[in-house]
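Welcome! Here are a few exercises to work through with the sequence and the 3D view side by side. Try each task before you read its solution.

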Amino acid sequence: MTAVATDLLADPAELAVWLGRPADDPKLLAALQAATRRFRGAVGHPVTIVAGETVRMDGTGRESLLLPVWPTVAVASVKLDGATLVEGTDYAWSQAGMLRRLGGLCWPDRLGCLEVTYTHGWAQVPDDIAEVVIDQARALYTVTPGVQSKAVGGQSVTFGAQAAVGVTDQWTRAVDRHKVRTGSEP
């Protein structure tokens, strides 16, 4: 895991090494902030710790359901149709975001019947996220928007697919791994 002391999802000093610029360079920081916003937007949540978020969820008709964001750090309360359930008696949860109904019961198959207040996210940004954010920030820093090739004098440069398309396969895999999960998943 990569430790980050700001609201950025990657360390400016690491990006500075790649770019050969100081870590406090305004353009470098702007590129890293933009890449951070893009990743957070793509996954639909902040990635870092969110304490006490309340979400309304649909019942699945199954014994288990997934909370929208993982890792789950704590579950403060679970209400079913407004009635507070008891952890260890009525439900159990896991760090992977699984919320399981206990006592041989299933969650009702009804829309919006559950209200869960929980803490989720990463205390330290996972390496796969930091790496793709650095890659995206490098592209944002070095590529002129809308330009796919550039010629100066006798030299020309053609930018790769990431610059033209905007994301790499590695970015797509990280987003898929960390995105908000829907209630339809097992």
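**Charges over rings**

The charged end of R101 sits over the ring of W107, 5.4 Å from the ring's centre. Keep in mind throughout that this is a predicted model.

**Exercise 1.** Find the ring that the charged end of K27 sits over.

*Solution.* Start at K27 and follow the side chain to its charged end. There you meet the ring of Y141, with its centre 4.7 Å away.

**Exercise 2.** Work out how the rings of F39 and W171 are arranged, and which parts of the chain they tie together.

*Solution.* Step one: a pair of aromatic rings is described by the distance of the centres and the angle of the planes. Step two: for F39 and W171 the centres are 5.3 Å apart and the planes stand at 85°. Step three: planes over 60 degrees apart count as edge-to-face, so F39 and W171 form an edge-to-face pair. Step four: F39 belongs to helix α2 (residues 26–43) and W171 to helix α5 (residues 169–178), so the pair ties together parts 132 residues apart in sequence. Both F39 and W171 are buried.

**Exercise 3.** Explore the largest nonpolar core and name the element that gives the most to it.

*Solution.* This core has 26 residues, and among those touching the most other members are L9, F39 and V47. Two or more residues come from each of α1 (12–19), α2, α3 and α5. The biggest share is from α3, with seven residues. A second, separate core has 16 residues, including V55 and L80. Now return to V47: leaving aside residues up to four places away in sequence, V47 touches L9, F39, G121, W122 and I129.

**Exercise 4.** Give the strand order of the open sheet formed by three strands, and name its edges.

*Solution.* The order is β2-β6-β5, with antiparallel pairing. β2 and β5 (91–93) are the edge strands, as each pairs on one side only. Three bridges join β5 to β6 (residues 98–101), and A92 stands opposite R100 in β6.

How values were computed: Residues numbered from 1 in each chain as written. Predicted model: local features only at pLDDT ≥ 70, side-chain atom pairs only at ≥ 80, totals over all residues. Heavy atoms only, no water. Phe/Tyr/Trp six-rings, centres within 6.5 Å; stacked < 30°, edge-to-face > 60°. Helix = DSSP H or I, 4+ residues; strand = E, 2+ residues; numbered from the N terminus. Buried < 20%, exposed > 50% of the residue type's maximum accessible area, 1.4 Å probe, protein only. Lys NZ or Arg CZ within 6 Å of the ring centre and 35° of its normal. Core = buried A, V, L, I, M, F, W, Y, C linked by side-chain atoms within 4.5 Å. Contact = heavy atoms within 4.5 Å. Pairing = 2+ DSSP bridges.
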